[in-house]
Amino acid sequence: MYVIVGLGNPGLQYENTRHNVGFLTIDYLAQKHNIPVKKLKFKSLYGQGEISGQKVMLVKPQTYMNNSGEAVREIKNYFKFDEDKLIVIVDDIDIDFGRIRLKKKGSAGTHNGMKSIIYQIKNDKFPRIKIAVGKKPDYMDLANFVLSGFNEKEVDIVREEIIMSAEAIEMMLDTNIDKAMNKYNSINLLEDDN
């Protein structure tokens, strides 16, 4: 079984913020593959089903972003899966808007949700998909920026990034992460529009 975790913050006030693109991607996958994400356990909302012929668990931690690792640790302790079966979907302010980036493993960078997961499961060797959410303007602090919503122009691009992330996950499950990385890491939605 693959455990696909989208990071975000629970609560209506955070629903469509930059920090919640992980949740939004899980929602998209859940709808597309008819997997209700309604069960409440492991400090998470989750649902189980099948994507690309693989058993999956779609997870939205309900711990708030900075403690996402607590939910992932509880699921990992219960289901005893290997790290390469964990896929984390996370927002990223460092990659160019209109892009996603797949990585096999790596550090958390500046992302507190990823820091929490790596700290709690004591491992950074799991695949992740980073979704660009725009660059922070100089006049805003980081917390306010990631908790802000998208403007009209950005909404369509983010929607496309979410669809692209879902397709990348489907390809990872169907073939392997290398093929998905080769295809999706080179796509720039903003360049493709011109």
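Let's start with I129, which touches I87, V88, I89, V90, I100, R101, L102, S165, A168, I169 and M172, leaving out residues up to four places away in sequence; contact here means heavy atoms within 4.5 Å. A word on the source: this is a predicted model, where local features need pLDDT of at least 70, side-chain atom pairs count only at pLDDT 80 or more, and totals for chains, interfaces and linings use all residues. Residues are numbered from 1 along each chain as its sequence is written, and side-chain values use heavy atoms, with hydrogens and water left out.

Now, the core. I129, together with I4 and L58, touches the most other members of the largest nonpolar core, which has 40 residues. By nonpolar core I mean buried Ala, Val, Leu, Ile, Met, Phe, Trp, Tyr and Cys residues joined through side-chain atoms within 4.5 Å, and buried means under 20% relative accessible area, with a 1.4 Å probe and protein chains only. Helix α5, residues 152–174, gives the most to this core: nine residues. Helices are DSSP runs of H or I, at least four residues, and strands are runs of E, at least two, numbered from the N terminus.

On to the sheet. Seven strands form an open, mixed sheet, ordered β2-β3-β4-β1-β5-β7-β6; strands pair if DSSP finds at least two bridges between them. Because β2 and β6 each have a single partner strand, one side of each is left without a neighbour in the sheet. In the parallel pair β1 and β4, there are four bridges, and V3 has M57 as its bridge partner in β4.

Last stop: Q120 sits in helix α3 and counts as buried because its relative accessibility is 18%.

Terms used: Buried means under 20% relative accessible area, exposed over 50%, partly exposed in between (1.4 Å probe, protein chains only).
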